[in-house]
Amino acid sequence: MSDPVLFPPTAPPARPVSPGLYLVATPIGNLRDMTLRALDVLAAADLVLAEDTRVTAKLLTAYGLKAKLERCDDHASAKAAAIAIEHLKDGAVVALVSDAGTPMVSDPGFVVARAAIAEGLPVHPVPGASSALAALCIAGLPSDRFTFAGFLPVKSAARRTALEELRTTRQTLVFFESGPRLKDSLSDMAEVLGTRDAAVARELTKLYEECVRGTLSELSQDPRCDSPKGEIVIVVAPGEVEAASEDDIDKALREALGRLPPGEAASEISRAFNLPRKPLYKRALDLKEQ
């Protein structure tokens, strides 16, 4: 096996970095996952907003970069937004990074980006590593449609309520979770969501990367899911489609008829329940007369 090429000689040349706010994805573990464009932006940045300046300082040092850092966590995001807007209005390059992965995904940087957008200032994505997408790729579950649900509530009752709201979602579900809460969360998922295939991915791209697959019930009893260390992503398969009863269909049609004419109501319910439109249209007319 040949040695890896560190920097391909045919890599496209760097482009000048224009003023604006750049949402820069950073590695979730393996520092080799840093993109060349991300390095260009950080090298050109007049200001870097970081969830934890100590973490970002280590990242910059690893690539021989220096930058003015400003804290942007849950407690300082409003202040960071004001500082960023001031710099951006002066024509500066401002980079926003999280501790790891893509900013804006369960991240306090949302406040900064929203403020810049409200001011009509340029905001650019610099895509790269994402633990949610990395876990989805290796879970072995449907990935054509998915819902990212972030962190579930800490307490079981609230967690079950949140899961109940997602129970009928016909898409793969992606969650973040901490090690100490993993076992309890999997147990609640098994109870509320039922028998579904799932995967627990942790330490993605790192030395001890692991992906444990099985049903939710099996995973809740798996010793590997009992307070593991590291960042954790849970991926859960979609639930099976349950046949709708006539009462369910009539209820949905009546609601739609309150907003739409019969033809459009029938089309909407046809798509929602995956049923032929023609009989639904006839039923909508009957309900309309009633």
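These legends go with close-up views of a predicted model.

**View A. Five strands side by side.** Let's start with the sheet, an open one in which five strands follow the order β6-β7-β10-β8-β9, with mixed pairing. At its edges are β6 (146-151) and β9 (210-215), each of which pairs on one side only. From one strand to the next, the twist averages 15°. Helix α7 (residues 179-193) packs on this sheet and touches β6, β7 (172-177), β8 and β10 (232-236). The direction of α7 makes about 10° with that of β10.

**View B. Strand β10 and its partners.** Strands β7 and β10 run antiparallel and are joined by five bridges. Here you can find E177 opposite I232 in β10. Five bridges also join β8 to β10, again running antiparallel. In that pairing, R202 has I232 as its bridge partner in β10. As a reminder, strands of a sheet pair through backbone hydrogen bonds, either parallel or antiparallel.

**View C. The two faces of β10.** In a regular strand, side chains alternate between the two faces of the sheet. Look for I232, I234 and V236 on one side of β10, and V233 and V235 on the other; all are buried, and both faces are covered. Because five of the five residues of β10 are buried, this strand is largely enclosed by the rest of the structure.

View D. Strand β8 (residues 197-202) pairs with β9 in the antiparallel sense, over six bridges.

**View E. Helices α6 and α7 crossing.** Two packed helices are described by the angle between their axes and the distance between the axes. For α6 and α7, the angle is about 45° and the axes lie 10 Å apart. These two helices are therefore oblique to each other, and their crossing is right-handed. Residues of α6 that meet α7 include S156, R159 and L163, while those on the α7 side include R181, D188 and V192.

**View F. A closer look at R159.** This arginine sits in helix α6 (residues 156-166). With a relative accessible area of 3%, R159 is buried. The side chain of R159 makes a polar contact with the side chain of D188, at 2.9 Å. Leaving aside neighbours within four places in sequence, R159 is in contact with L152, P153, V154, R181, D184, S185 and D188.

Terms used
Residues numbered from 1 in each chain as written. Predicted model: local features only at pLDDT ≥ 70, side-chain atom pairs only at ≥ 80, totals over all residues. Heavy atoms only, no water. Helix = DSSP H or I, 4+ residues; strand = E, 2+ residues; numbered from the N terminus. Buried < 20%, exposed > 50% of the residue type's maximum accessible area, 1.4 Å probe, protein only. Polar contact = N/O pair within 3.5 Å; in protein donor to acceptor, adjacent residues only side chain to side chain. Contact = heavy atoms within 4.5 Å. Pairing = 2+ DSSP bridges. Axes fitted to C-alpha atoms, helices over the stretch in contact; angles between N-to-C directions. Parallel < 35°, antiparallel > 145°, perpendicular 65-115°, else oblique. Left-handed = near helix turned anticlockwise from the far one by under 90°.
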